[in-house]
Amino acid sequence: MATGPKQAKYDIVIIGAGPVGLLLSTCLARWGYKIKHIDMRPEPTVTGRADGIQPRSLDLLRNMGLKRAIMANTPAKVYEVAFWDPKQNGSGIHRTGTWPSCPSFIDARYPFTTLLHQGLIERVFIADLNKNNVTIQRPWRVIGFENDGKDKDYPVQVSLSHVDGHESETVRAKYLFSGEGARSFVREQLGVKITHKDPIANVWGVMDGVVRTNFPDIKMKCTIHSDAGSIMVIPREANMVRLYIQIATSTDSDWDPRKTATTEEVQAAAKKILAPYWIEWDRIEWYSVYPIGQGIADRYTLDERVFMGGDCCHTHSPKAGQGMNTAFLDAQNLAWKIHHVESGFADRSILKSYESERKLIAEKLLNFDSSYAKLFSARQPSAGEVQDATKNADKEEHQENEFVKMFKASCEFTSGYGVAYDPNIFNWSESHPAQHPLFLSAAKNRTKARTGRIMAPATVTRVCDANVVHLEQEVPLNGSYRIYLFVGKPTVTKNAVADFAYGLGKKTSFYSAYTRPDVDTIDYHERHLPHSKFFTICTIFNAHRPDIEIHEMLPEPLARYHDHVYADDVWDQRVPNAKAAAHAKMGLPEDEGGVVVVRPDGYVGCVVKLVHGSGTVDALNEYFGSFCVKKLGSDVAQL
């Protein structure tokens, strides 16, 4: 009996080479997966599209080792936002306030928004993919797919075609991911609907170009309201400026959501809005007109085999600078979960948490974006309602404009640090299956480290070389859990640390159960994953660096992580009275310490008390045992 040609098999087929597809592909390529990655465009983004990298995303890019390449393009950095409104006498606009882009109450390493053309960002990812032998296949598109289960290991059949139709191929994959953007073939074929929060109420033009102007804040991010309309100013790299310009609103008598405008009409509108200041264009790099609509996909996956992310799942106005950043976190969230399932670490059921976690964040984004877009599109009657946002922030009698209040209240969210995942199998709570009494709860003020939230940044001294380092950046995005052992004072916790190390060494512990098969031949210089591909251990002493002797004070396997032993001896202005600032920022006793477990994406999973005996490891066995494939803990040893 004749059979057809043998189909190529891939771990994942990724459709779309925008931010979400590229970050997902980069992670999985680094972790050794076989990837088919296609994009309909003949080349990366040439002009326009997303350009804002928020502080939390810059942390992520640094953790991936990509930040330096991004910053090599000399992007614009926004530290402050200026608010401009009409003068009461009708003679144009004036500045009514400024506010930090990432205010000091947010504990951020990079308190600014980075602004850079999306195509330059894409090229950084593509260069990294090429190092791992992944090439974007262009210009190709998906023309069909089915989870037919005919191959239990590669259940998804995917049909692909060159965009001109002269070439096609069919492959099999374990997973299919759509990062196609708002017009998604995959989403349409799955029958997944987009739920719109509000009818389209505004049409905007966006224009990138090099300008000449006497407007004093052209190098800053500005929100401008005038009697002639509204503009947002976004500085860009290479002397460019992006202007978002209101073209039409549903309050217009001739309102048409499909209304468009020429570049000349938009330039004329901008000149009127900026009066009494003048503006002229040397050149226009890119121009587009679009209606603002807020929508979210009802589902991100139907079967945990075909997934969607990025603009495919959530559409919103770009002015708050959230689209690319949300896409990055969609991809990061899915990448490590696929990795843990396919490498035999975690149960396949964990993939359900991709939709529940990321859809929640998208819903919060859209709620914010809807309010933000409405306020920005509203014409303000006068500037009298708005005073200097920084000078009057703490005065109760000061009545702030609603837009400024919204902006200030949303700074944590827009920076990326406001992302908060609900309790689930990864984010411990009192309803978690693991109910050991040593778990510490932020809700009960027993720790400051909140599960489902990003771990607080902490500066410490690395013992082996006396370098002052950022603790949260010491373990790269490598798919592993970060186990932070805060020792406290070594004279107080010496026995507890010894017991912790002994517990890790038991064959049925979460740590030893997942010993890497090549552990005996692993490179001496392997810093992060010498024993297991799923855990990196960092040990932090409440002691001065010269007083720490790693191999005298730490038993194996802790001493093996000699590049991840730290002294908590760096002062921090956020906890000025603490003798061990990193301990204090986690809300752990400076003498007794504790253990903070951080997910591969940097979010806190659980916090456990450090005690003499087996209890600390027992609690961690319960936590990891709730989603790992293998049975863990002392109960298993007795079987």
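1. Start with the buried residues of helix α14. G615, T616, V617, A619, L620, N621, Y623 and F624 are buried there. Buried means under 20% relative accessible area, exposed means over 50%, and partly exposed is in between (1.4 Å probe, protein chains only). The helix spans residues 615–625 and is mostly covered, with 8 of its 11 residues buried. Helices (H or I, at least four residues) and strands (E, at least two) are DSSP runs, numbered from the N terminus. An α-helix has 3.6 residues a turn, so residues three or four places apart point the same way.

2. A word on the model. It is predicted: local features need pLDDT of at least 70, side-chain atom pairs count only at pLDDT 80 or more, and totals for chains, interfaces and linings use all residues. Residues are numbered from 1 along each chain as its sequence is written, and side-chain values use heavy atoms, with hydrogens and water left out.

3. What do the buried residues of α14 pack against? Their partners are β22 (481–488), α11 (490–505), β23 (535–541), β25 (594–598) and β26 (604–608). Contact here means heavy atoms within 4.5 Å. Helix α14 lies across β22, β23, β25 and β26 and runs at about 155° to β26. Axes are lines fitted to C-alpha atoms, for helices over the stretch in contact, and angles run from 0 to 180 degrees between N-to-C directions.

4. Those strands belong to an open sheet. It has 7 strands, in the order β21-β20-β24-β23-β22-β25-β26, with mixed pairing. The edge strands are β21 (468–470) and β26, and each of them pairs on one side only. Neighbouring strands in this sheet are turned by 30° against each other on average, direction ignored. Two strands pair if DSSP finds at least two bridges between them. Strands of a sheet pair through backbone hydrogen bonds, either parallel or antiparallel.

5. Look at one end of that sheet. β25 and β26 pair in the antiparallel sense over 4 bridges. V597 has C606, in β26, as its bridge partner. Helix α11 also packs on the sheet, where it touches β22, β23 and β25. The direction of α11 makes about 150° with that of β22.

6. There is also an open sheet of 3 strands, in the order β3-β7-β4, with antiparallel pairing. β3 (52–53) and β4 (76–78) stand at its edges with a single partner strand each, so one side of each has no neighbour in the sheet. β4 and β7 pair over 3 bridges. One of the residues to check is A76, whose bridge partner in β7 is L115.

7. How many disulfides does the structure hold? The count is 0. A disulfide is a pair of cysteine sulfur atoms within 2.5 Å. Take C312: the closest cysteine sulfur is in C313, 4.8 Å away, which is too far for a bond. C312 is buried at 0% relative accessibility. C313 is buried too, with a relative accessible area of 0%.

8. Salt bridges are present: a search of the whole structure finds 36. A salt bridge is a side-chain nitrogen of Lys or Arg within 4 Å of a carboxyl oxygen of Asp or Glu. R95 and D217 form one, at 2.8 Å from N to O. R95 sits in strand β6 (residues 93–100) and D217 in the loop between β12 (202–213) and β13 (221–226), 122 residues apart. R95 is partly exposed at 40%, whereas D217 is buried at 5%.

9. D107 and R574 also meet in a salt bridge (3.0 Å, N to O). D107 lies in the loop between β6 and β7 (113–115), and R574 in the loop between β24 (565–567) and α13 (581–585), so the pair ties together parts 467 residues apart in sequence. D107 is partly exposed at 23%, and R574 is partly exposed at 34%.

10. R453 and E412 form a salt bridge, with their closest N and O atoms 3.2 Å apart. R453 is in the loop between α10 (411–415) and β20 (459–462), while E412 is in helix α10, 41 residues apart. R453 is buried at 13%, but E412 is partly exposed at 34%. Elsewhere, D11, K174, E342 and R348 are linked in a network of salt bridges.
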